[in-house]
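Subject: Structure handover

Hello,

Here is the structure for you to look at. Please open it first, then read my notes below.

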Amino acid sequence: MLDVHKIRKDFPMLEGHRMQGMPLIYLDNAATTFKPQSVIDAVTHYYTDISVNAHRGDYELSYQVDTEYESARETVARFLHADKREIVFTSGASEALNLVAYGFGRKLLKPGDVVLSSEAEHASSILPWMKTCEETGAELTYIPLDEEGRLTADNFERCMDHHVKIVALAQVTNVLGYEMPVKEICEIAHRYGAKVIVDGAQSVPHMPVDVLEMDCDFLAFSAHKLCGPTGIGVLYGKYEYLDWMDPFLLGGGSNARFDMCGNIMLKQPPYKFESGTPAIEAVLGMKAAIQYIDSIGMEEIHAYERELHRYVVERMMKMDNLVVYNPYSDSGIITFNVKDVFAQDGASFFNANGIAVRSGQHCAKLLMDKLGTSATIRASLYFYNTKEEADIFLDVCSKATLENCLDIFF
Amino acid sequence: MSDMLHDPMVLRQIIMDHYEYPRNHELSKDAGYCQKHMASDSCIDDIYVQAKIANGVIDDIRFDGVACTISTASTSIMSELLQGKSIAEARQILEQYYAMIDGKNYDAQMLEEAVAFHNVGRQANRIKCATIGWKAIEELMDESEKAHEQE
């Protein structure tokens, strides 16, 4: 079992920070996560010690940057069980998912083709496909979810036919935190010749992910949800598809050579997708983040989060003033409301008690149909949250009423 | 009125009352109304505000939509407070309301029940909830005056 009190010492944000005069309890980890000192050091190391461009210079410092930059790619590849040529650096999961829709979808899709997704998707997973379908004449259809809001392999298979060319789904959804049966889905999709694009934003930071084992065709994640820097993320893609697809951007760094007649020869993947000077410090920070996660162990992180989640949800379920929408979530995401209190008013009450949670309106149809509400509060755990923090959160939960939620304004 | 300022229980009661029983909370289909859709990009509030303005006087204000306690109650109070006022009078009240929200001196007498929001700035991200309906009526008054000038 991981030693959470020892781990917390690695994070400056967990050392004595206060919010609204109260000790800060950070439960918005599905939005972004805190950084350990080793990640902060890796970022400043670039600016302090090796602040030159990558892939550009003939001098020693530049070579050193290249070496560190490419070793980060190897670290990511090992982390996902991929080949390093299959790791494209992007600004985050959103850019990665847009890159697949633009570079792969637009080239592949024709009128009559179908893109399959679900109503539980994050905007970054679904909006690029809406646009791509509009442009190509393909059709975007949604797999029905079960009563609980889950995607099942059975429901998925019922939607499959040979018109389906793309399946775009989150491995763990960001509102309800359910894990989809990704391996089965890839297996079924491939039987029909469809490609599977996995949004790993909420899964990669919390559980072991092996792209070879799941056999997905693309997978995207953001480093900042994994204790890494903001502005950096990854698109994994099977090499033959990366090789076939178009880049999103053209420019310095992605071309091997070009001439005035309009002939462009692009570099091989992953470099053909990486135009312009990249976020070098963020790439080095992402490497440090993965090393940090590895040093704790992803299995341990996953198990700890599940246990803490169970501890919190079991107690929330006993409170008459709360509604929990996803008690059987597979992740650290708890979606709930205070009865008769609008989500944002509830979130402000937690803020007044030093607790960071998020209120939000989610995919309206999913929420209205499955949950019967237009807005919810989301508390999301990570491996550095403690039982002591959970107890304070639960105490504040028990005091949440409309009257108390309004008293914070007086 | 000044006593009310010091009694949180009364102020809370005002907000709860306007949240649970919002006034003028139904949109009109009458062609004499102008309408504003106010959807904040940083919070959940998504409301429609209508005003019937004739000869420089606000005859009626109505609103509807999905919104939190603070925006529902502040818009409801605004709709009562500004009804029947001239645009010039309404602008004076608006000025006092914004001054209060910004923590500056203001005329509590003029704001009546709207003083309930005098501490909303303690939750800085909720200031937009307390002003969303007020911004809507301000825009509707601007449009009305502009249309009048063009006539």
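Let's start where the chains meet. 23 residues of chain B are in contact with 21 residues of chain A, where contact means heavy atoms within 4.5 Å. The two chains bury about 2000 Å² between them. Carbon and sulfur atoms carry 58% of that. Buried area is the accessible area (1.4 Å probe) that two parts lose on being put together, summed over both.

Some ground rules. This is a predicted model, in which local features need pLDDT of at least 70 and side-chain atom pairs count only at pLDDT 80 or more, while totals for chains, interfaces and linings use all residues. Residues are numbered from 1 along each chain as its sequence is written, chains are lettered from A and ligands numbered from 1 in the order in which they are written, and side-chain values use heavy atoms, with hydrogens and water left out.

Chain B

Chain B has five helices and three strands. Helices (H or I, at least four residues) and strands (E, at least two) are DSSP runs, numbered from the N terminus. Along the sequence the order is α-β-β-β-α-α-α-α. The radius of gyration of chain B is 15 Å, close to the 15 Å that the globule rule gives for 151 residues, so chain B is as compact as a globular protein of that length. That radius is taken over C-alpha atoms, and the rule is 2.2 Å times the number of residues to the power 0.38. The C-alpha trace of chain B spans about 45 × 30 × 25 Å along its principal axes.

Of the 151 residues in chain B, 48% are buried. Buried means under 20% relative accessible area (1.4 Å probe, protein chains only). Chain B has 14 positive and 26 negative side chains. Lys and Arg count as positive, Asp and Glu as negative; His and the chain ends are not counted. The centres of the two sets lie 4 Å apart, with each charge placed at NZ of Lys, CZ of Arg, CG of Asp or CD of Glu.

Now find Phe117(B). Where is it? Phe117(B) sits in the loop between α4 (108–111) and α5 (127–150). Is Phe117(B) buried or exposed? Phe117(B) is buried, at a relative accessible area of 1%. Beyond its neighbours within four places in sequence, its contacts include Ile15(B), Ile70(B), Tyr97(B) and Met100(B). Phe117(B) and Ile15(B) are 102 residues apart in sequence, yet 8.4 Å apart in space, C-alpha to C-alpha.

Chain A

Chain A has 15 helices and 17 strands. Its radius of gyration is 22 Å, which agrees with the value near 22 Å for a compact globule of 410 residues. The C-alpha trace of chain A spans about 70 × 55 × 40 Å along its principal axes. Buried residues make up 59% of chain A. The mean positions of its 37 positive and 58 negative charges are 1 Å apart.

Ala379(A) lies in strand β17 (residues 375–380). Ala379(A) counts as buried, at 1% relative accessibility. Leaving out residues up to four places away in sequence, Ala379(A) touches residues including Leu27(A), Ile333(A), Val357(A) and Phe393(A).

Best wishes

Conventions:
Buried means under 20% relative accessible area, exposed over 50%, partly exposed in between (1.4 Å probe, protein chains only).
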